[in-house]
Structures are given as C-alpha cells and as structure tokens.
Amino acid sequence: MTEAWHRKKHVFPTKDELSVAMAKYTAHLSEKFCKEKGLFTVVLSGGGLIDWLCKLLEPPYKDSIEWSKWHVFWVDERVCAYEDPDSNYKLAMDGFLSKVGIPNENIYAIDKHYAADGNAEHCAALYEECLRNLVKQGIIPLCPNGKYPQFDLQLLGMGPDGHMASLFPGHPQINVKDKWVTHITDSPKLPPRRITFTLPVINSASYNLMAVCDDHTELCPRSIADIFKYNNLALPAAHLTAHVETMWYLDKAAAALL
C-alpha cells in the first residue's frame, strides 16, 4: 500500500484540462478491469465531480467504454429524498448516469424510503449490508487483509476544510474501523444527516483519484498546502491512500500555495 505522504499529483492550468485528464484516467481503468475481470466497480462522490466527469460523455469515450459492465457506488450520501437537490444520487443521475448505458441494477443508491425519512443510521446499515451481499456474489472482492471491500476506482473530492467523503475534521467518524459504512447527524456542512464509507474502506480501493479545484476561497489552497507540505493528519483528506495508486488532480488555483 502506498504511504499517505507518497502522494502523486498533477496540477492543471484549468478545470477543463483536469476534466479531460480525469476522463482519460477513468476510461483507462475501465478498460483494464473490464478486460481482467469482466466488470468495473466505480465509487462516486458529490460536489463538482459530476461536472468534471462530463468529458466521458464525449468522443472517444461515450461509445467505447463498456458501460454495461460498470457497477456504481457512492462514497457518501446526503440522507434525503432521491428528488432532493442535495442528493448525490440525483446529481449523478441527472448529470451523468442517465446519459450512459449502465444497467439500473448496477447502480447502488442508499435505501429510498429510509433516505426520505432522514434515518441516517438505518441507511448506513443497509448500505453496508448491500456491500456485504455484493462481496458474497463476487461483484466486489475483499482487500488482501480480508476485512474491507476493495473497489477498483474511487473518484473523490476534498472540501475547503480538508474533509473527504463525509469524514470531517474534529468528528469521530474518521476513527471508525469496525464498520464499512457509518453515519453522521451533525455534519458541519449542510445537510447534517449523511452516510459515509469509513476510512479503511476508502483506503482499501485499488485506485483513488482525488480531484480538487479551488472554490475561490483561501481555505482550499491552504488545506492542500497543509497536506502536501506538512502531512497535516488533522485533515481527513491527508489520510487518503490506496493499494495501487493514490493520485491527486489539482487545478492551478487549488495548488497556489504549493
């Protein structure tokens, strides 16, 4: 496993160039895993990620990727109705998933009814149960230590405060190791109720790609500098690693203080 402080990074002049590179990276791994094992497990996050994936909807990728072999998950989710504008599921479906040929049964959202009720704890338990069933079915392998599921690729984002998924600075979820999925009801970023993969699950992925573009605040470049210059482990994103490769894609603004 790569050490957290041996991060690879690429800095791009613009978000558009970052998006082009993300599409190429994702398409390459899709081809690799579809060829090796006949399917590709991809974990999405929210924020700007779906916009940055738009290049996959263009040539040469849209018609060459084996979409029917994709299995799609979320690293975290806001516990709300599918139709709610805060829903990562809605964001991904509207902007990306509905435009490619991924079978509906290969798209694994949180439980619709408990999400609408705002029951974060139950949503987390059911999502973990879903993952465990997919491990039994051979869709998701376990990582070499046999404790956590191993996804092929996770596409992640970082908040200006250094949070990733719904693991926030100063909150206890970062320390959970006995679950695959946990929940939070007091997220400092609204909405407050969320589920999230635990850190060991995130770090068990074969490939983790973290994409960060500056949102015109001073916080984001400062957090990036804290991670790359000082390995500040108070920031959850500083803990990111992977079994094969941990890659950070930054735009020029996010990397301004490096």
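Me: In which strand does Arg 194 lie?
Reply: This is a predicted model, in which local features need pLDDT of at least 70 and side-chain atom pairs count only at pLDDT 80 or more, while totals for chains, interfaces and linings use all residues. Residues are numbered from 1 along each chain as its sequence is written, and side-chain values use heavy atoms, with hydrogens and water left out. Strands (E, at least two residues) and helices (H or I, at least four) are DSSP runs numbered from the N terminus, and the run that covers residues 194–197, with Arg 194 in it, is strand S7.

Me: Is Arg 194 buried or exposed?
Reply: Buried means under 20% relative accessible area, exposed over 50%, and partly exposed in between, using a 1.4 Å probe and protein chains only. Because the relative accessibility of Arg 194 is 2%, this residue counts as buried.

Me: Which side chain is joined to that of Arg 194 by a polar contact of 3.2 Å?
Reply: A polar contact is a pair of N or O atoms within 3.5 Å, where, within protein, one must be able to donate a hydrogen and the other to accept it, and residues adjacent in sequence count only if both atoms are side-chain atoms. The side chain joined to Arg 194 at 3.2 Å is that of Ser 187.

Me: How many disulfides are there?
Reply: A disulfide is a pair of cysteine sulfur atoms within 2.5 Å. The cysteine sulfur closest to that of Cys 80 belongs to Cys 123 and is 9.5 Å away, so the two are too far apart for a bond. By this rule the count of disulfides is 0.

Me: What is the distance between the end C-alpha atoms of helix H7?
Reply: The expected span of a helix is 1.5 Å times one less than its number of residues. Helix H7 (residues 219–230) has 12 residues and should therefore span 16 Å, which agrees with the distance between its end C-alpha atoms, 15 Å.
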